[in-house]
Amino acid sequence: MTGALPSAFITLGGAGSGKSTVSKQLSRMTGAVYLDKDTMSGALVQAALEALGHDPTDRESNPTYVERIMPLEYRTLFAVAADNLALGHSVVLDAPFVAYLDDPAFLSRSTVAAGWPATNVHVVHVRASAEIVRARLQERGLDRDRAKLADWDAYWARFGERACTWDGAHHATIRNVDAAQAAEDLERLVIQTSA
């Protein structure tokens, strides 16, 4: 061990922004452990919503999900990241975080609650235009995107281009309009964070 601090790359962006593609590429480029919120808790969230009599595909407008279930998903994500960071492993957290972007203290509160060790934290904003995001959601055809696409203008107005206000981290933007632009931005990010 060199004694260097591990890094946490927190990738955020709405559905269809290409956040997961960027997150996986960032993990490959840096060797950081890839942690996806949906992989970790998606099946449990679906089962919980169904057990409570809710439509598991309509999460953003469901108070039960937003107020009770979603906070547990993020708490779990930060806890698993803490375990890896404590072992000296850098991590990439792949989640939308959209509901928390307006809270400047969210990141510091979440990392403290999860017991993160000293870590270099990088918030990576993945961005794409409304047209590109909509086309990606239509193309992938997931049930969880039906409600978004059914009322697209309202969805985009509410979630499309939200700015992140978090304190306590370096912020970078990946313009995911095409593979070449995303790769260029990622290369620049990796060089900056390894310097």
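**View 1. Ala 8 meets Val 91 across two strands.** In strand E3, the bridge partner of Ala 8 is Val 91. The model shown here, as in every view below, is predicted. Strand E1 covers residues 7–12 and is joined to E3 by four bridges. These two strands run parallel. E3 also pairs with strand E2, residues 33–36. That pairing is parallel too and spans four bridges. Here Asp 36 has Asp 94 of E3 as its bridge partner.

**View 2. Strand E3 sends its side chains two ways.** E3 consists of residues 91–94. Val 91 and Leu 93 point one way from the strand. Val 92 and Asp 94 point the other way. Buried or exposed, what are these four residues? All are buried.

View 3. Phe 97 is found in the loop between E3 and helix H4. Its phi is near 60°. That is a positive value in a residue other than glycine. Phe 97 counts as buried because its relative accessibility is 0%.

**View 4. Asp 145 lies in the loop between two helices.** Helix H5 spans 130–140 and helix H6 spans 146–150; Asp 145 is in the loop between them. Why does Asp 145 count as buried? Its relative accessibility is 0%, so Asp 145 falls in the buried class. The side chain of Asp 145 makes a polar contact with the side chain of Arg 140, at 2.6 Å. Leaving aside neighbours within four places in sequence, Asp 145 is in contact with Ala 15, Leu 137 and Arg 140.

**View 5. Lys 148 is a buried lysine in helix H6.** Lys 148 lies in H6. With 6% relative accessibility, Lys 148 counts as buried. Which residues does Lys 148 touch, not counting those up to four places away in sequence? They are Ala 15, Glu 60, Leu 137 and Tyr 155. Ala 15 and Leu 137 are also contacts of Asp 145.

View 6. Met 29 is placed in H1. Met 29 is partly exposed, with a relative accessible area of 27%. Apart from residues up to four places away in sequence, Met 29 touches Leu 186, Glu 187 and Val 190. Met 29 and Val 190 are 161 residues apart along the chain. Their C-alpha atoms are separated by 7.6 Å.

View 7. Helices H1 (19–30), H2 (37–51), H3 (63–86), H5, H7 and H8 (179–194) each supply at least two lining residues. Which helix gives the most? H1 does, with five residues. By type, the lining divides into 16 nonpolar, 10 polar and 14 charged residues.

**View 8. The second largest pocket is lined partly by H3 and H4.** Its volume is about 230 Å³. Helix H3 and helix H4 (106–114) each supply at least two residues of the lining. The largest share, six residues, comes from H3. Among the lining residues are Pro 71, Leu 72, Tyr 74, Arg 75, Phe 78 and Ala 79. The lining also includes Tyr 100, Phe 106, Arg 109 and Ser 110. Nine lining residues are nonpolar, one is polar and two are charged.

**View 9. One cavity is found inside the model.** How many cavities of 30 Å³ or more does the structure hold? There is one. The volume of this largest cavity is about 140 Å³. Its lining has 18 residues. Gly 13, Gly 14, Arg 127, Phe 159 and Gly 160 lie nearest its centre. Strand E4 (120–127) and helix H7 (152–160) each supply at least two residues of the cavity lining. H7 gives the most, with four residues. The cavity lining divides into 11 nonpolar, five polar and two charged residues.

Technical notes:
Residues numbered from 1 in each chain as written. Predicted model: local features only at pLDDT ≥ 70, side-chain atom pairs only at ≥ 80, totals over all residues. Heavy atoms only, no water. 1 Å grid on protein atoms, 1.4 Å probe; cavity = no way out; pocket = protein on both sides within 12 Å on 5 of 7 lines; lining within 4 Å. Points joined across faces, edges and corners; volume = space filled by probe spheres on them. Nonpolar A, V, L, I, M, F, W, Y, C, P; charged D, E, K, R; others polar. Buried < 20%, exposed > 50% of the residue type's maximum accessible area, 1.4 Å probe, protein only. Polar contact = N/O pair within 3.5 Å; in protein donor to acceptor, adjacent residues only side chain to side chain. Contact = heavy atoms within 4.5 Å. Pairing = 2+ DSSP bridges.
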